[in-house]
Amino acid sequence: MNFLDVFLLALALSVDAFVVAFSYGLIIKKGKGKSALKIAAATGTGQFVMPVLGWYGARSIYDQIAAVDHWIAFFVFLMLGLKVISDALHECDCTAKLSHTLTLKILLMIGGATSIDAFVSGSMLFFIKAPVWSSAAMIGLTTFVMSVIGFNFCRLFKKIPTRWLEIPSGLILIALGCKILYEHTIG
């Protein structure tokens, strides 16, 4: 997996954090700059830690599944991509359910909820022999930046449906899975 592949993965994984930050940007009225940084720190940290945990978890079972690791990576990325697209097509108005205060508990929940797919992606990084620490750093940093952008983006584009961001990110995940399968079977 080269730099561009990891960056595209990071962009695709950061979409959930972007959407959450965008939603909070719509409802938080005071302390917007500080709130944007809090959300970005929570999501960026989650997106950094979870791929590392996934990578080390996959390493512990690699010998048992080495012969089919590329198929596993393909199906995981395919399922993640399809889930992202499905969620985008069944969009809800989630801003009505959000707390207007960013407590530590809420930030931890945001960081965890937006990084579950990063755990799975981290395990796939191991199977395709991608470097864990630099990949996790790129994913975490990209998510941090995208969260800050998402939080502030709402000021300009309150009417853009988030599915316009989620569907392409799902397609990127599917394309990465196809690329891995192609490289291990044909290429």
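The following dialogue examines how terms are assigned in a predicted model.

Tutor: Local features here require pLDDT of at least 70 and side-chain atom pairs pLDDT 80 or more, while totals for chains, interfaces and linings use all residues. Residues are numbered from 1 along each chain as its sequence is written, and side-chain values use heavy atoms, with hydrogens and water left out.

Student: Why is the pair of Trp55 and Phe126 called edge-to-face?

Tutor: Rings of Phe, Tyr and Trp (its six-membered ring) pair if their centres lie within 6.5 Å; planes under 30 degrees apart count as stacked, over 60 as edge-to-face and the rest as tilted. The structure holds 10 aromatic pairs. For Trp55 and Phe126, the centres are 5.0 Å apart and the planes stand at 80°, so the pair is edge-to-face. Trp55 lies in helix 2 (residues 32–65) and Phe126 in helix 5 (residues 116–127), 71 residues apart.

Student: How do you know whether Trp55 is buried or exposed?

Tutor: Buried means under 20% relative accessible area, exposed over 50%, and partly exposed in between (1.4 Å probe, protein chains only). Trp55 has a relative accessible area of 14%, so Trp55 is buried. Phe126, at 13%, is therefore buried as well.

Student: What makes the span of helix 3 close to the expected one?

Tutor: Helices are DSSP runs (H or I, at least four residues), numbered from the N terminus. The expected span is 1.5 Å times one less than the number of residues. Helix 3 (residues 69–89) has 21 residues and reaches 30 Å from its first C-alpha to its last, against an expected 30 Å. Its buried residues include Phe74, Phe77 and Leu78.

Methods:
Helices (H or I, at least four residues) and strands (E, at least two) are DSSP runs, numbered from the N terminus.
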